[in-house]
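Work through the exercises below with the model open beside you. Try each task before you read its solution.

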Protein chains: 2
Amino acid sequence: MTEDQLTVQAGFLREYLTGLFTHAGLSSSDAVCAAECTVQTNLWGIDSHGLLRTPIYIKRLVSGAVNPRPDMKVLKGEKRPLELCDGDDGLGYIVSDWAMDRAVNKAEEFGIALVVVNSSNHFGAASLFAKKASDRGMFGIAATNVMPNIGMRGNRRPAAGNNPEALSAPLGGDFPFMLDISMSAVAGGKLLLAQKKGEKIPKDWAVTSDGLETDDPFEGFKGFLLPMGMHKGFGLSLYIDLLTGVLGGGAFLHQLRSMYGSPD
Amino acid sequence: MTEDQLTVQAGFLREYLTGLFTHAGLSSSDAVCAAECTVQTNLWGIDSHGLLRTPIYIKRLVSGAVNPRPDMKVLKGEKRPLELCDGDDGLGYIVSDWAMDRAVNKAEEFGIALVVVNSSNHFGAASLFAKKASDRGMFGIAATNVMPNIGMRGNRRPAAGNNPEALSAPLGGDFPFMLDISMSAVAGGKLLLAQKKGEKIPKDWAVTSDGLETDDPFEGFKGFLLPMGMHKGFGLSLYIDLLTGVLGGGAFLHQLRSMYGSPD
């Protein structure tokens, strides 16, 4: 443990976060859900999410950028295995937890189901929701589009989102099969690590901000991460955009971005 | 065009192949389907499949390794959106064409559907079947497990199949979105190309037959291809194995292989 780390009991953290989310305007049951999602993520060791993101979520809730009391609605297919919902701009944890419960209940009835949600927000680690299916003996997939953040050679702007996807399946024992990945070749943190170690990076990890090939972790970090397996990850990312953004009644986020610029 | 290439009219080839597949024992309608799948694949430029695989298919049909007159059956879920079928060891083209038609019809009725088939064989390019959905205005996914052929560092045996997956979506115009990839970092042909050019290969393309890191295209070719994005492609490959092999009532092919050895 380094100087800037401290150890906190999960139970204490859960309670603390419940208070924090309640304070930020969530209903008490939603605050419990958000706290549980956060703590579970860190207990799994996914420290790039969970607690690290909490300050941003709270800031957005308090500023009104995220709706603390969303009125989630089914827009289409309420009694069918394919359903479209409106997340009413709620916190990603809350909207996705609700939507995945609906998907799992439907899959129990029909054998398979897909629930697509629009107007949601950052949902943390996708595995939180995929696991809700394997917990009930089913295969589960949770995916989302994100603002474009990965590049392609020759592009000065990001070409696609790293659109994360989590997959789970029950394996009969205590632990399900679980995969939680984004569509970039590596996480940005790997470039920081190479910087520290004074190492070159493989040329398929990142491009410079001018979209040029690079093995320099500094140039790559200032530029864009590349998709995993180049065209393969790029194609998978676009497909997730189609399945979530377009099927959800939105549009390709990178189109929105070219029209309106980045929201940050 | 090089010396060993020749140009053939698609119509002529279709007719010729129909005769060939009929001769190998297929019913006339199945022979037309197999010929059409073959020609379409080469018209798309996927020359790693299509015609290149025809001699193997014919050999297997004639030897009885593949059943030329399969009696495909629905085993479970005939009237539901999740269905399990028995391919009766038929030619992959025939079994998959039949199964995808069932899936698309079901999706038209329910909004979403999944058909899993066991006892099938090599089905050529997965996009042939994914496209049947986008042709009818739907998202389509076709995937299969294959015998283990990709490695992981430290393994002297292949750790997973390169389990191909094709994804399609209608885009409103003449051309659908289409992605057809396998889960290896690159195709074996890329290593042959590097050999010819006298180039090194990136270290995440392949391992030696002892499972060791290599940038030598000769050592890599004698060894195993690595999964795209390392653990990412490896995980996606295992998930396809679960969705096809295990859900289909089979088992992980790599388990079968450790028990019985490779069939080739």
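Buried means under 20% relative accessible area, exposed means over 50%, and partly exposed is in between (1.4 Å probe, protein chains only). This is a predicted model, where local features need pLDDT of at least 70, side-chain atom pairs count only at pLDDT 80 or more, and totals for chains, interfaces and linings use all residues. Residues are numbered from 1 along each chain as its sequence is written, chains are lettered from A and ligands numbered from 1 in the order in which they are written, and side-chain values use heavy atoms, with hydrogens and water left out.

**Exercise 1. Salt bridges in chain A**

Task: Find the salt-bridge partners of Glu213(A) and Asp210(A), then state how accessible Glu213(A) is.

Solution: 
- Step 1. Apply the rule: a side-chain nitrogen of Lys or Arg within 4 Å of a carboxyl oxygen of Asp or Glu.
- Step 2. Glu213(A) pairs with Arg153(A), at 3.9 Å from N to O. The two are 60 residues apart. Glu213(A) sits in the loop between strand 7 (206-207) and helix 7 (217-222) of chain A, and Arg153(A) in the loop between strand 4 and strand 5. Helices (H or I, at least four residues) and strands (E, at least two) are DSSP runs, numbered from the N terminus.
- Step 3. Check accessibility. Glu213(A) has a relative accessible area of 44%, so it is partly exposed. Arg153(A), at 39%, is partly exposed.
- Step 4. Asp210(A) bridges to Arg156(A), with the closest N and O atoms 3.0 Å apart. These residues are 54 apart and link the loop between strand 7 and helix 7 to the loop between strand 4 and strand 5 of chain A. Asp210(A) is partly exposed at 40%, while Arg156(A) is exposed at 62%.
- Step 5. Asp135(A) and Lys131(A) form a salt bridge at 2.9 Å, and Asp135(A) is exposed at 52%. Glu83(A), Arg102(A) and Lys106(A) are linked in a network of salt bridges.
- Step 6. Take the total: 24 salt bridges over all chains.

**Exercise 2. The interface**

Task: Describe the contact between chain A and chain B: how many residues take part, and how much area is buried?

Solution: 
- Step 1. Count contacts (heavy atoms within 4.5 Å). Chain A gives 35 residues and chain B gives 35 residues.
- Step 2. Take the buried area, the accessible area (1.4 Å probe) that two parts lose on being put together, summed over both. The chains bury about 2900 Å² between them, with 75% of it on carbon and sulfur atoms. Phe139(A), Lys232(A) and Tyr239(A) supply 25% of the area that chain A buries against chain B, more than any other three residues.
- Step 3. Assign the elements. Those of chain A that give two or more residues include helix 4 (92-110) and helix 8 (231-246). Helix 8 of chain A gives the most, with eight residues.

**Exercise 3. The largest core**

Task: Which residues have the most contacts inside the largest nonpolar core?

Solution: 
- Step 1. Define the core: a set of buried Ala, Val, Leu, Ile, Met, Phe, Trp, Tyr and Cys residues joined through side-chain atoms within 4.5 Å.
- Step 2. The largest core has 44 residues, and Leu236(A) and Leu236(B) have the most contacts inside it. Helix 8 of chain A and helix 8 (231-246) of chain B are among the elements that each supply at least two residues.
- Step 3. Trace the neighbours. Not counting residues up to four places away in sequence, Leu236(B) touches residues including Leu167(A), Leu179(A), Leu236(A) and Met228(B).
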